[in-house]
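This report looks at a ligand site and at a sheet with its neighbouring helix. Please keep the sequence and the structure in view while reading.

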Amino acid sequence: MTTFKELGLNSQILQALTDLGYENPTEIQLKAIPQVLSSKQDLKAFAQTGTGKTAAFSLPILEQIDANSGDTQAIILSPTRELAMQIANNITDFSKHIKGVKTLAVYGGASIEDQVRKLNKGVQIIVGTPGRTVDLINRRQLKLQNLKWLILDEADEMLNMGFKDELDKILAVTPKEKQTLLFSATFPREVESIAKNYLKNPIEISAGEKNKGTDQVSHQYYVVSERNRYAALKRIADVNPDIYSIIFCRTRRETQEVADKLIGDGYNADALHGDLSQAQRDSVMEKFRNKALQILVATDVAARGLDVTDLTHVINHKLPDQIESYTHRSGRTGRAGKEGISIAIVTSREKGKLHPIERLIGKKFISTPIPTGKEICQNQLLKLIDKVQDIKVNETEISDFLPSIYEKLKDLDREELIKKFVSIEFNTFLTYYQNAPDLNDSEHMRGVDRNSDRGNRRRDDENMTRFFINIGKKDKLNPARLIGLINDQRIAKNIEIGQIEILDTFSFFELDKNYEKETMSAFEGNDVDFEGRNVNVEITTKQRTGQARSGGDRGSRKRTGDRDRGNDRKRSGDGDRKPKTDFGGFGRKRSGAPGTMSKSTFGSDQNPKRRKRI
Ligand code: AMP
């Protein structure tokens, strides 16, 4: 394993890296550092977000910078204020043992006079947003005639944000002999053309495949009707009590609205977008970085490049208009070797947008059922128990009160006591999610069934093979999960799934007869495991329970790849699911529903009282 020392960095830089806990160079650092140290050739680097890009370009520059000269020798252009500040902070950390090196971030929304004053003292490395950089050049405060390095970071985003003119202006005042380094996580056509114009005969390096997301991220999608989008979001937060997440929205307005709703519902959330003042943005970011804030609702631009290493989830409240943005969003999680989940909440109409993204990231989205009330309660309860286990008791302070407490509770046995204490906090969730409906999109399911009948030969039972599977309700199997399990075997595309019967310890499902052999060999060959049980599938001649409809149970038909709809038709042996008529038409008031459900849509429901959890 090559070390930073072997890459040719000096002892001051090595010391700073040790201070930061960087042990070995990342892939992009291994490739970029020796290249920039040994050659003046321009560089075009494909690097995913979170892979150590900042050190990759700044360490070789720090190695070569002339600390005795106050000239600006390097400028890093970055699309957002936050990213500019972050990069400047990183460089300050990397250079803390090198005497005389100064780094300054210049960005809009902060006092330009202040920045000018600092500039006048002589700053070798500038990190700037394009707009403020041009402003300072126009005021003749920023002089780039002795520039040696120009770095374009997140070039695609700068172009997306319409900074092409600013980039042209900045380029025009820099010397020809400089070295230009272009770093980008994605490489759409516009970036290729900017590279053509601004880079001379560049050497190309790449860490990971172009446009691919990081391997540490799994991609999931949930299908909901539009009105349930927000409710689904809350369930995702509720089923993950330790969630630390960015929720991405497409516009500032959507961002603020979602954040306001979450805050109103008691979540530990806040908004980050361009309508906020710089001070507000700084304050939100600081809280989020310190984990005083659990959920950040943000626009793509505002969250661009943010270096928060341990996000558990990235949630796409709505998918971005430009598919490349998805890579940037999901790249906020799964950083620094950690695993992360990127979730897309889509309506059935938006589902088609997932395919081009899958092609771009080179990974499949896993369709995932929206958590049920029961799952949420279970996770919250476990979290509560963990808290009880971990809580430190202040023996001295509590001792005075204990005798009277013991006296009051003396008639309760251990079990009763536990139940009561746990219920103090848990009851809110329990009440709230009691009878909570299935939010998986039923309209979509019906649409799929209609479509599959249209133009296709309508199949009847004779065209289906019935399979026995050795798992059931006791293994937490439900129809959505079973369809998911079938999908995961990748038997063939779009196989029709017929009736599903979930019983206590085993179940049945029907699949297109033409794929009988493939189904058997897929399940056998994949050595499938479900909730810790080895899955066994057999062809069975057992007839359907309940009344088999002539012409087949059309309502229950699905195709593989459609596992997410949990709202499929009630089937015999599937008693834990809500009958379709309960929620079949979203928006209809549910008769006899408990208080929390009395509103016409679940999207507008109230949330259980919550505590700040981080
Ligand atoms: P970046 O892609 O520059 O935003 O870096 C992503 C994260 O990885 C940041 O938190 C860096 O501090 C961290 N990082 C970068 N390089 C290394 C390294 N060689 N070893 C450990 N952490 C690193």
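This is a predicted model: local features need pLDDT of at least 70, side-chain atom pairs count only at pLDDT 80 or more; totals for chains, interfaces and linings use all residues.

## The ligand and its surroundings

A polar atom in the side chain of tyrosine 22 lies 2.5 Å from an oxygen atom of the ligand, and an N or O atom in the side chain of threonine 54 is 2.7 Å from an oxygen atom of the ligand. With asparagine 24 the backbone takes part, one of its polar atoms being 2.8 Å from a nitrogen atom of the ligand. Of the 490 Å² of accessible area that the ligand has on its own, the protein covers 81%.

## The seven-stranded sheet

Seven strands form an open sheet with parallel pairing, in the order S10-S11-S9-S12-S13-S8-S14. Strand S10 (269-272) and strand S14 (366-367) each have a single partner strand, so they stand at the edges and one side of each is left without a neighbour in the sheet.

Within this order, strand S12 (residues 313-316) pairs with strand S13 (residues 340-346) in the parallel sense over four bridges, and isoleucine 315 has isoleucine 343 in S13 as its bridge partner.

## A helix across the strands

Helix H12 (residues 278-289) lies across S10, strand S9 (245-249) and strand S11 (295-299), and the helix runs at about 135 degrees to S10.

Key:
Residues are numbered from 1 along each chain as its sequence is written. Side-chain values use heavy atoms; hydrogens and water are left out. Two strands pair if DSSP finds at least two bridges between them. Helices (H or I, at least four residues) and strands (E, at least two) are DSSP runs, numbered from the N terminus. Contact means heavy atoms within 4.5 Å. Axes are lines fitted to C-alpha atoms, for helices over the stretch in contact, and angles run from 0 to 180 degrees between N-to-C directions. A polar contact is a pair of N or O atoms within 3.5 Å; within protein, one must be able to donate a hydrogen and the other to accept it, and residues adjacent in sequence count only if both atoms are side-chain atoms. Accessible areas come from the Shrake-Rupley method with a 1.4 Å probe; for residues, only the protein chains shown count as cover.
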